[in-house]
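These are my notebook entries on a single protein chain. I record what I looked up, one region at a time.

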Amino acid sequence: MRIGELSKATDVPVPTIKYYLREGLLPAGELSSPNQASYGETHVRRLRLIRALIELAQVPVATVKEILESLDADTEPLHEQIGRAHRALTPTRRLSATDEARTAATAQVTELIHDRGWSVDPEAPALATLIDTIAALRSLGQDNLVAHLDTYADSVERFTQLEIDAVTSNPTRDQLAESVVIGTILGETLIASLRLLAQESISAERWKNR
């Protein structure tokens, strides 16, 4: 298809597609003449991924490029390939907490990872974020929430297993890696939305007339 057809198929304006091509986010089309290029389903899938990263996940263009480069690094093991994309997606956070709370949080998370037998890179950004989040909760006097960490982890592990099982039906390695990344992005929104709706419903049941 021509660039105009690619634009219609993906609902992405032609100037935006050209920008993605210049920035190296989208691979060049196959030249059919000196001034004409043709595009295929690979470009359609990549454009949809780019838009999901930029519009839904609010990922900066430079980070999107890093994620896409990791997905294209098919000489790496699939686990490393997906891991690089996850690290690019995970923001570095430093939440306010006391040293005492952070020490307790580190011990709790270390024990959790060990007891559940999870294989986690000690440098994983999400690990630091989890420790900081628990430390902040402790500093804010929300130990009652922290006490449910293992229950949270159990629920997360179960629905994450469902997510991974769901995407393994994709036929190619590229589609599998892309599906995991898209699932990570939209899964966060899906879970957060369901949680807010559940809280609204429970709040209505318990406190609507109070």
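**Entry 1**

I began with Ala85, which I located in helix α5, residues 78–89. I noted first that the model is a predicted one. Ala85 has a relative accessible area of 0% and is therefore buried. I then listed the contacts of Ala85, leaving aside neighbours within four places in sequence, and found Ile67, Ser70, Leu71 and Val181.

From Ala85 I moved to its contact Ser70. Ser70 sits in helix α4, residues 61–72. Ser70 is likewise listed as buried, with a relative accessible area of 0%. Leaving aside neighbours within four places, I found Ser70 in contact with Gln81, Arg84 and Ala85. I also checked Ser70 against Trp207: the two are 137 residues apart in sequence, and their C-alpha atoms are 48 Å apart in space.

**Entry 2: The annotated segment, residues 1–70**

I consulted the UniProt record, an unreviewed entry, which places the feature "domain: HTH merR-type" at residues 1–70. Over residues 1–70 I read 61% helix and 10% strand, with the end C-alpha atoms 27 Å apart.

Within this stretch I looked at Ser7, in helix α1, residues 3–10. Ser7 has a relative accessible area of 14%; as this is under the 20% limit, Ser7 counts as buried. Not counting residues up to four places away, Ser7 touches Val12, Pro13, Val14 and Ile17.

I next examined Asp11, in the loop between α1 and α2 (14–22). Its phi is near 60°, a positive value in a residue other than glycine. I recorded this because most residues other than glycine have a negative phi. Asp11 is exposed, at 69% relative accessibility.

**Entry 3: Aromatic pair and hairpin**

How many aromatic pairs does a search of the whole structure find? I found one. It is formed by Tyr19 and Tyr20, whose ring centres are 5.9 Å apart and whose planes meet at 50°, so the pair is tilted. I compared the accessibility of the two residues: Tyr19 is partly exposed at 30%, whereas Tyr20 is buried at 3%.

I then traced strand β1, residues 30–33, and strand β2, residues 36–38, which pair in the antiparallel sense over three bridges. Two residues lie between β1 and β2, and the strands form a hairpin. In the pairing, I found Glu30 of the chain opposite Ser38 in β2.

**Entry 4: Helix α6**

I looked up the dimensions of α6: it has 18 residues and reaches 26 Å from first C-alpha to last, close to the 26 Å expected at 1.5 Å a residue. Which residues of α6 are buried? I listed Ala101, Arg102, Ala105, Gln108, Val109, Leu112, Ile113 and Arg116. Seen down the axis of α6, these buried residues fall within an arc of 130°, so they line one face of the helix. I kept in mind that an α-helix has 3.6 residues a turn, so residues three or four places apart point the same way.

On the face of α6 turned away from the buried side, I found the exposed residues Asp99, Glu100, Thr103, His114 and Asp115. The buried residues of α6 pack against α7, α8 and α9. Just after α6, I noted that Gly117 takes a positive phi of about 70°.

**Entry 5: Helix α9**

I followed the packing of α6 to α9. Helix α9, residues 149–167, has 19 residues and reaches 27 Å from its first C-alpha to its last, close to the 27 Å expected at 1.5 Å a residue. I listed its buried residues as Leu149, Ala153 and Val167. Viewed down the axis of α9, they fall within an arc of 60°, so they line one face of the helix.

I also asked which helices are included in what covers the buried residues of α9. I recorded α6 (99–116), α7 (125–139), α8 (143–146) and α10 (173–207) among them. The face of α9 turned away from its buried side carries the exposed residues Arg158, Leu162 and Ala166.

Methods. Residues numbered from 1 in each chain as written. Predicted model: local features only at pLDDT ≥ 70, side-chain atom pairs only at ≥ 80, totals over all residues. Heavy atoms only, no water. Helix = DSSP H or I, 4+ residues; strand = E, 2+ residues; numbered from the N terminus. Expected span 1.5 Å × (residues − 1). Buried < 20%, exposed > 50% of the residue type's maximum accessible area, 1.4 Å probe, protein only. Arc of directions from axis to C-beta. Contact = heavy atoms within 4.5 Å. Phe/Tyr/Trp six-rings, centres within 6.5 Å; stacked < 30°, edge-to-face > 60°. Pairing = 2+ DSSP bridges. UniProt positions renumbered as here; feature names shortened; annotations may be inferred.
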